[in-house]
Amino acid sequence: MNAALKPDFARTQAFIGQKHRLLINNEWVEPRAGGRIEVLNPATGKLLGYAAAGGAEDIDLAVRAARHAFENGPWPSMPPVARARLLWKLADLIEQAADEIGQVLSLDNGMPFGMAKFAGALGTANGLRYTAGWSGKVHGEVPELSEPGKLAYTLHEPVGVVGCITPWNFPFAMEADKAAAVIASGCTMVLKPAELTPFGALLLGRLVLEAGIPPGVINIVTGLGDPAGKALVEHPDVDKIAFTGSTATGKWIVQACAATLKRVTLELGGKSPNIIFADADMARAIPGAAMAVFANSGQICVAGSRLYIHKKVFDQVVDGITGMARSLKVGSGLEPDTNLGPLVSQGQLDRVTGYIEAGRSEGAEVVTGGQRQGTEGYFVQPTVLAQTHRSMKVVREEIFGPVICAMPIDDDDLDRIARVANDTTYGLSAYIWTRDVGIVHKLARKIRAGTVQVNGGTGLDPAVPFGGYKQSGWGREHGRAGVESMLETKAVGITL
């Protein structure tokens with residue numbers, strides 16, 4: 001184990017090993033049915049700990065607490081600057097607990113400790129500070145009216161109780177990001193984290209209490225998608241669902257919310273194109289393209305897994321990415337030299353290796369990787385596939401693993417390249433590598449994706465709206481748009 005982990009690791013183990021409960025109305029309470037969920041360590045496949053199995057009754061109690069907090073007590077009358085101060089306090093606490101958060105996420109999710117600490121904790125703290133600045137900054141308007149003697153103005157008001165459902169791939173960051181938008185906007189929240197990775201959310205709950213956020217504003221119910229997640233989506237007193245996860249589940253949520261016409265934002269799957277032109281800076285493009293897929297063992301919704309390389313540099317790029325894949329250390333996230341941790345579960349391992357085998361059977365060339373690594377835990381080798389084409393499952397469908405499909409592009413017709421890039425049901429992200437600023441601006445307009453990253457781009461900066469086109473989702477998170485998604489617009493008309 002990394003020596004740097006040892007001083008605080010006992011605290012982390014004690015936290016994970018305790019008897020966990022649900023956070024409702026700022027109190028840790030037992031689930032009404034009393035059940036527990038086994039949580040496994042993805043690096044070993046062995047039992048890590050237990051989380052409470054909340055159900056429909058627990059969701060109802062949490063929603064009631066959130067509704068009461070939204071309509072009564074200090075929260076609805078709290079000025080925006082006070083909500084901002086709470087977010088800054090929570091950010092400070094996250095920063096102070098960064099080592100513990102990193103260790104919990106590495107055990108819970110499998111990601112390398114460095115990624116968990118710096119992206120999962122410290123980056124999240126800075127994101128909360130950014131979002132705090134939007135408290136009270138989304139203003140209404142006073143439009144010029146067509147009829148004299150009349151006045152109208154608009155108000156932006158919090159939508160109400162928000163049901164937040166988060167995935168397992170970046171659990172703590174996504175949970176805290178959604179909480180930040182809720183707090184900045186003046187809403188209240190019931191969070192249902194992924195059952196595979198509940199401990200980050202529970203640690204966030206501890207910090208929420210330490211930050212002094214009023215009772216009922218942030219409620220956390222761990223449990224299975226059915227019944228807990230289902231009950232949250234269908235609850236008649238929830239005003240909005242903010243979901244991050246699979247496209248299939250997102251489609252079900254849309255159907256379920258139709259009964260009450262809840263507001264919905266969905267951040268769903270992707271199959272993002274990564275386009276490398278012949279003039280690209282290869283010293284940046286090759287490692288950038290590799291880690292656009294291999295980071296977090298490919299368990300990233302924005303993975304640039306469809307890699308289109310100009311034929312003039314195809315061999316150079318594939319050789320470079322192959323060499324990088326072979327040099328990456330796959331192992332436990334708590335080991336100091338680990339680059340890629342395990343996949344999150346046996347089910348995810350079966351899914352990813354199944355896609356690789358499907359690629360083989362359809363004629364793909366496995367340039368490197370393509371196998372499970374070891375016999376303990378859920379590790380898979382970073383994999384590069386060549387001789388792939390659009391009709392293959394590995395090219396069409398989201399794999400959510402460290403698998404790159406490399407394909408040549410043989411001309412500079414930007415319209416044709418854009419058609420290839422857009423040949424997917426998804427539209428979450430895209431990547432372009434070139435020194436030609438004309439290509440950048442022309443192609444960025446032609447690609448139908450919520451985010452286009454050029455020569456490395458900006459990453460998922462909290463100031464930049466994030467979301468997708470097509471079946472990659474509805475709405476945006478982060479930036480002003482993320483806070484606005486938690487608000488309703490009210491028009492007030494007056495006869496003077």
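Predicted model: local features only at pLDDT ≥ 70, side-chain atom pairs only at ≥ 80, totals over all residues.
Helices here are DSSP runs of H or I with at least four residues, numbered from the N terminus, and in that numbering helix 9 gives the most to the lining of the second largest pocket, with five residues.

**The largest pocket**

- The lining of the largest pocket is made up of 33 residues, and those that lie nearest its centre are Phe-170, Ile-300, Val-302, Gly-459 and Leu-460.
- Two or more residues of this lining come from each of helix 5 (113–132), helix 6 (171–185), helix 10 (282–294) and strand 17 (429–433), and helix 5 gives the most, with six residues.
- By residue class, the lining of the largest pocket holds 16 nonpolar and 12 polar residues, together with five charged ones.

**The second largest pocket**

- Around the second largest pocket there are 34 lining residues, of which Trp-168, Phe-243, Gly-245, Ser-246 and Thr-249 lie nearest the centre.
- The elements that give two or more residues to this lining are helix 8 (225–234), strand 9 (240–244), helix 9 (247–257) and helix 12 (346–361).
- The lining of the second largest pocket divides into 16 nonpolar residues, 12 polar residues and six charged residues.

Technical notes:
Residues numbered from 1 in each chain as written. Heavy atoms only, no water. 1 Å grid on protein atoms, 1.4 Å probe; cavity = no way out; pocket = protein on both sides within 12 Å on 5 of 7 lines; lining within 4 Å. Nonpolar A, V, L, I, M, F, W, Y, C, P; charged D, E, K, R; others polar.
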